[in-house]
Amino acid sequence: MTDGPNEKKKKVAVACQGGGIHASFSVGVLVEILKAIEQQNKAKDSTDRKRFELVGLSGTSAGALCALMVWYGLAPKNGRAGSAHEAIKGLEGVWKTFAATTRTERIINLLAYSTFMAQEYEVPVLGLNAPVFSMNPAGLISQAVFAALPLLKVREQYYDLKKLLDEACPEFESIDWEHLQTRLLVGATEVVNGIETTFDSDRNMPNQGHKHREPTVKQRWRERLPLSLGGVAASGTWPQFFSAKEVCGRYYWDGLYSQNPPIREFLAGVHPQHVPDEIWVVRINPQQWSEPPQSNAEIIDRENELMGNLSLNKELDFVLTVNDWIEKFGGGLAEKKKVKVRTIKMREPTAEALRYSSKFDRSRGFMDRLRREGEEVAREWLQHWPNVGCYPEDAAYWPRPRVY
């Protein structure tokens with residue numbers, strides 16, 4: 001497809017699944033999307049380029065970290081506009097900081113990753129079964145371990161996500177909310193009352209009413225809260241390692257348990273002119289497997305993947321259902337906009353080779369390999385866009401479900 005200079009750009013929202021270190025793939029994808037935006041801005045008079053505008057980002061857990069850094073780089077702050085170049089720099093910088101860098105961090109990473117692998121393959125560690133190494137985050141052992149990390153010269157940014165975010169986003173309080181062009185949604189799970197929570201940049205805007213209206217029927221177990229760095233940190237709080245994060249008097253765990261990542265908020269209660277034309281989902285967890293899981297490692301891995309995928313698919317099926325209603329009934333729905341959902345995913349051999357344990361492998365080499373694949377996949381995908389597939393078919397590695 002070619003767009004003339006007077007044709008409107010497609011409004012695109014990019015949604016990033018959580019998946020621990022596997023989100024290195026998302027880093028590569030997002031960098032290529034930002035590079036495409038840079039190229040568009042340099043070729044304003046071109047009549048044969050593909051045109052899109054990034055109007056929204058969404059993420060959960062590690063996907064939230066990726067989405068935040070892109071959004072932060074694009075956001076206007078301290079009287080100056082953001083840019084795709086700034087977003088790339090920030091995203092790459094925070095991901096390098098997140099990797100095991102020092103000698104001590106590399107040793108700790110190797111020990112932690114090996115312990116997870118031992119648990120998957122039911123191999124005793126130091127004569128003990130691996131599950132013994134699972135600790136209560138609020139217990140004395142966990143507290144002693146975290147207290148010892150600074151003495152071992154482990155960087156605080158390595159184990160404290162809030163510290164990492166504060167340093168990566170030093171001008172967060174200076175963001176010009178009124179003139180934001182890109183929306184950010186971050187998914188988290190409120191654990192005391194069981195509320196599905198989205199931290200939404202629109203809730204920070206002083207005049208958000210002109211964009212979004214509150215639904216007439218309140219969703220009692222869903223809520224939108226103002227975006228904060230604490231909310232992003234809460235989105236990545238795995239209960240196996242960290243106590244629930246407190247935000248505004250409530251306590252949160254990883255958004256994996258509710259939305260992975262938030263999608264519906266891009267449509268619900270939103271004026272049609274602000275609804276994206278397309279939602280691009282960066283899928284970390286494979287939708288399909290080549291065969292039923294058999295080993296302990298395979299079962300643990302597939303269980304975790306399904307936990308994240310099924311919540312995502314419900315969000316995406318909501319979008320498709322609304323599309324069907326618009327087409328079938330028209331009438332009062334005529335003012336609504338149909339939204340295309342597309343998937344950007346890992347190559348099949350890569351997805352099959354990864355395991356739950358590798359989501360915790362913070363070695364630079366592993367992270368760089370996944371990032372390079374993200375860049376390659378996204379570059380090829382963008383070359384063919386918009387002549388690429390749509391959800392649900394493009395989420396699959398095979399054309400139809402296999403029968404056993």
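Let's start with Thr182, which counts as buried because its relative accessibility is 10%, under the 20% cut-off. Keep in mind as you look around that this is a predicted model.

**Around Thr182**
- Thr182 sits in the loop between helix H7 (161-168) and strand S3 (183-190).
- A polar atom of the Thr182 side chain lies 3.1 Å from the backbone oxygen of Leu54.
- Among the residues that Thr182 touches are Leu54, Trp71 and Ser201.

**Helix H9**
- Gly330 follows H9 and has a positive phi, near 55°.

**Salt bridges**
- Side chains of opposite charge can pair when their charged atoms come close.
- Within helix H7, Asp166 and Lys162 are 4 residues apart, about one turn of the helix, and their side chains meet in a salt bridge at 2.9 Å, N to O.
- Asp202 and Arg183 form a salt bridge with their closest N and O atoms 3.2 Å apart. This pair links distant parts of the chain, 19 residues apart, and both Asp202 and Arg183 are buried.
- Glu265 and Arg222 form another salt bridge, with closest N and O atoms 2.8 Å apart. They are 43 residues apart, with Arg222 in strand S5. Salt bridges with shared partners join Glu196, Arg222, Arg264, Glu265 and Glu315 into one network.

Definitions and conventions. Residues numbered from 1 in each chain as written. Predicted model: local features only at pLDDT ≥ 70, side-chain atom pairs only at ≥ 80, totals over all residues. Heavy atoms only, no water. Helix = DSSP H or I, 4+ residues; strand = E, 2+ residues; numbered from the N terminus. Buried < 20%, exposed > 50% of the residue type's maximum accessible area, 1.4 Å probe, protein only. Polar contact = N/O pair within 3.5 Å; in protein donor to acceptor, adjacent residues only side chain to side chain. Contact = heavy atoms within 4.5 Å. Salt bridge = Lys/Arg side-chain N within 4 Å of Asp/Glu carboxyl O. Lists of a residue's contacts leave out its neighbours within four places in sequence.
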